[in-house]
Amino acid sequence: MESLKLKCIECGGTMDVDPSKKVLACPYCGSKQLMVDSDEVKIAEINANRDTKIQEIKTKNEVMIKFLDVIGKMDPYVILIISLFLMGIVVGILSEIFK
Ligand SMILES: [Zn+2]
């Protein structure tokens with residue numbers, strides 16, 4: 001799992017967040033920052049949003065995989081005819097542009 005990153009208040013450097021620790025130390029300027037409850041809430045929110053995004057991407061991928069699965073089960077001859085039909089449309093458009 002990708003670690004969460006926060007910006008240092010002092011220098012703007014990126015700090016890796018260890019959720020198990022209450023105090024963060026900036027690797028650039030060494031300033032220490034206390035993880036308050038609001039930060040934990042924020043982190044939980046960020047993680048929740050990220051999980052939602054991941055779920056959305058997974059759903060989209062599943063739709064794509066099902067689509068490819070349907071095509072894969074189709075008769076190769078039908079796929080060939082559809083491809084030729086689509087190519088015919090493209091060639092038609094191109095010949096309109098370059099006539
Ligand atoms: Zn810093």
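User: What pattern does the protein chain follow when read along the sequence?

Analyst: In this predicted model, the protein chain follows the pattern β-β-β-β-α-α along its sequence, with four strands and two helices in total.

User: What makes S1 and S2 a pair of strands?

Analyst: Strand S1 (residues 4-7) and strand S2 (residues 14-17) are joined by four bridges in the antiparallel sense, and since pairing requires at least two bridges, the two strands count as paired. Within this arrangement Leu4 stands opposite Val17 in S2, and in the hairpin, which has six residues between the strands, Gly12 takes a positive phi near 80°.

User: Why is Leu94 called exposed?

Analyst: Leu94, which is found in helix H2, has 10 other C-beta atoms within 10 Å; a residue is exposed if that number is 12 or fewer, and therefore Leu94 is classed as exposed. The C-alpha atoms of Leu94 and Leu84, 10 residues apart along the chain, are separated by 15 Å.

User: How do you know how the protein chain stands against a compact globule of 99 residues?

Analyst: The radius of gyration of the protein chain is 26 Å, whereas a compact globule of 99 residues would have one near 13 Å. The C-alpha trace spans about 65 × 35 × 20 Å along its principal axes, and buried residues, those with 20 or more other C-beta atoms within 10 Å, make up 1% of the 99 residues.

User: Where in the protein chain is confidence lowest, and where is it highest?

Analyst: Confidence is lowest in S1, with a mean pLDDT of 78, and highest in helix H2 (residues 76-97), at 92, while the protein chain averages 83 and 92% of the residues score at least 70.

Methods. Residues numbered from 1 in each chain as written. Predicted model: local features only at pLDDT ≥ 70, side-chain atom pairs only at ≥ 80, totals over all residues. pLDDT = per-residue confidence, 0-100. Rg over C-alpha atoms; globule rule 2.2 N^0.38 Å.
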